[in-house]
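Student: Please give me a close look at one part of this structure, going slowly and stating the cut-off behind each term as you use it. I would like to follow the charged side chains in particular.

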Amino acid sequence: MSTTYRVDTSLDRNAIIDLYAAVQWTAYTRDPERLVAAIAASLRVVTAWDGVRLVGLARIVGDGLTIVYLQDILVAPEYHRAGIGRELFLRAFQPYEDVRQKVLLTDDEPGQISFYRTMGFTEVRDLEQRTSVFTKFA
């Protein structure tokens with residue numbers, strides 16, 4: 001496998017849907033047009049490719065100056081544990097090294113928590129200063 005990476009927000013609709021479906025993110029695939037528009041509106045989208053197949057994607061949203069948010073990072077299941085997620089993560093955040101707030105919201109799954117800790121993130125409950133997080137899902 002020879003993985004290549006690109007920074008791109010103009011992606012083939014079917015490639016996007018196939019990747020999100022492969023990781024069973026059905027909340028996104030229920031409205032493909034909204035998903036495609038959301039990716040196009042992102043600050044930065046980094047993709048991973050095996051030949052012509054889209055096998056990974058990370059996207060950043062925010063203002064790019066004071067806050068950036070890792071909205072999505074996903075890798076096709078058969079490509080897990082190959083370093084693709086790590087590379088997507090690093091490339092996605094690379095232009096925002098000086099941004100004070102880098103945020104993400106993820107499932108309470110041990111593998112995901114371990115990955116983000118390895119990437120230098122801290123769970124809110126482990127911060128030295130008391131911090132609250134609020135969210136509302138539609």
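**A linked set of charged side chains**

Tutor: A salt bridge joins the side chains of Asp126 and Arg117, with 3.3 Å from N to O; the term stands for a side-chain nitrogen of Lys or Arg within 4 Å of a carboxyl oxygen of Asp or Glu. This is a predicted model, in which local features need pLDDT of at least 70 and side-chain atom pairs count only at pLDDT 80 or more, while totals for chains, interfaces and linings use all residues. Residues are numbered from 1 along each chain as its sequence is written, and side-chain values use heavy atoms, with hydrogens and water left out.

Asp126 is partly exposed at a relative accessible area of 43%, and Arg117 is also partly exposed, at 44%; here buried means under 20% relative accessible area, exposed over 50%, and partly exposed in between, with a 1.4 Å probe and protein chains only. A salt bridge of 2.9 Å, again from N to O, connects Glu123 with Arg125, and Arg125 is exposed, with a relative accessible area of 63%. Taken together, Arg117, Glu123, Arg125 and Asp126 are linked in a network of salt bridges. As a general point, side chains of opposite charge can pair when their charged atoms come close.

Arg91 and Glu87 are separated by about one helical turn because they lie four residues apart in helix H4, residues 84-93, where a helix is a DSSP run of H or I with at least four residues, and a strand a run of E with at least two, both numbered from the N terminus. Both partners are partly exposed, Arg91 at 34% and Glu87 at 26%.

A contrasting arginine is Arg59, which is placed in strand E3 and is buried, with a relative accessible area of 5%. The side chain of Arg59 makes a polar contact of 2.8 Å with the side chain of Asp72 and another, of 2.9 Å, with the side chain of Ser42; a polar contact is a pair of N or O atoms within 3.5 Å, where within protein one must be able to donate a hydrogen and the other to accept it, and residues adjacent in sequence count only if both atoms are side-chain atoms.
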